[in-house]
Amino acid sequence: MATYKKKGHKPTDKADQQRVDETQSTTAEVFNILDDTASKSEQWIEKNSKPLFYGLVTFVVLGLGLLAYNKFVSEPAELAASNELAFPRKYFNDASEAGSSIDSLLNLGLEGADGKYGFVDIAAKFSGTKAGNLANYYAGVSYLQLKNYAKAIEYLEKFNSDDELLGPVALGAIGDAFADIDQPEQAMEYYQKAANQKDNEFTTPLFLEKAGFIALELKEFGKAESLFTQIKENYSKSEQGLNVDKYINAAKYAQ
């Protein structure tokens with residue numbers, strides 16, 4: 001390995017002179033390599049300057065395009081969809097409180113009126129927005145109340161939410177639809193999905209109980225006992241927990 005000398009050092013003999021020459025030679029080689037590398041880098045950059053420039057331009061354009069899309073397309077669409085949703089939601093809310101004419105109110109909410117969109121149109125025309133997604137939920141629940149179970153399942157399966165209550169309730173509503181058309185296996189599947197999606201004191205015991213009742217109907221008594229026992233052990237203070245012992249006993253004795 002070359003040995004570097006302090007500035008001003010003078011060789012004392014022939015061997016020392018040889019070491020100095022080797023040091024200078026090594027240093028010169030290092031600088032030559034650096035110069036050569038720099039030259040090659042400059043040549044590469046010069047050769048590829050256009051692709052590099054176009055790559056940078058593309059990156060900037062994509063970034064600006066995304067910002068522009070959010071500002072001029074996505075945000076206005078969200079606002080428009082949200083404004084449109086207010087009209088059919090009024091009929092949906094009125095139907096939940098009405099003593100009669102519920103079907104007509106639900107249909108107005110679904111189809112719209114007076115040139116205003118209903119849930120069906122909003123779900124289709126604003127499918128990429130939060131309001132469009134929510135329209136799927138309202139449409140699904142409306143169809144469920146109208147006993148149009150195929151449509152109810154279709155729209156509820158399009159709906160997606162991480163909300164603590166709304167997500168499980170939508171899955172549970174699909175379970176209700178399958179239960180009403182006498183498809184208990186699918187109903188229990190969705191009730192269990194609804195129970196497991198979010199752990200809370202309201203939806204979890206509610207759908208565990210519904211799944212338990214379906215298990216009894218299917219004569220899967222061990223499964224029913226397990227579902228009801230989950231309510232007893234983890235949600236005893238819930239409404240479903242108040243009477244769960246009798247269902248546990250019914251499942252045990254049925255076995």
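Asp245 is partly exposed, at 39% relative accessibility. Keep in mind that this is a predicted model. Which residue forms a salt bridge with Asp245? Lys232 does, and the closest N and O atoms are 2.9 Å apart. Lys232 sits in helix α10, residues 221-234, and Asp245 sits in helix α11, residues 244-254. The two are 13 residues apart, and the pair links distant parts of the chain. Lys232 is partly exposed too, with a relative accessible area of 41%.

Side chains of opposite charge can pair when their charged atoms come close.

How many salt bridges does a search of the whole structure find? Six. Let me take another one.

Asp176 and Lys210 meet through their side chains in a salt bridge, 2.9 Å from N to O. Asp176 is in helix α7, whereas Lys210 is in helix α9, residues 203-217, so this pair ties together parts that are 34 residues apart in sequence. Lys210 counts as partly exposed, at 25% relative accessibility.

Now to helix α6. Here Glu154 and Lys158 form a salt bridge between their side chains, with 3.5 Å from N to O. Both residues lie in α6. They are four residues apart, about one turn of the helix.

Helix α6 covers residues 149-158, and helix α7 covers residues 166-180. Their axes come within 9 Å and cross at roughly 160°. The crossing of α6 past α7 is left-handed.

Which residues make the contact? From α6, Tyr149, Ile153, Leu156 and Glu157. From α7, Ala170, Ala173, Ile174, Ala177, Phe178 and Asp180. Sort them by class, and the contact has eight nonpolar residues, two charged ones and no polar ones.

Find Asp176 with Lys210.

Notes. Residues are numbered from 1 along each chain as its sequence is written. This is a predicted model: local features need pLDDT of at least 70, side-chain atom pairs count only at pLDDT 80 or more; totals for chains, interfaces and linings use all residues. Side-chain values use heavy atoms; hydrogens and water are left out. Axes are lines fitted to C-alpha atoms, for helices over the stretch in contact, and angles run from 0 to 180 degrees between N-to-C directions. A crossing is left-handed if the near helix is turned anticlockwise from the far one by less than a right angle, and right-handed if clockwise. Contact means heavy atoms within 4.5 Å. Ala, Val, Leu, Ile, Met, Phe, Trp, Tyr, Cys and Pro count as nonpolar, Asp, Glu, Lys and Arg as charged, and the others, Gly among them, as polar. A salt bridge is a side-chain nitrogen of Lys or Arg within 4 Å of a carboxyl oxygen of Asp or Glu. Buried means under 20% relative accessible area, exposed over 50%, partly exposed in between (1.4 Å probe, protein chains only).
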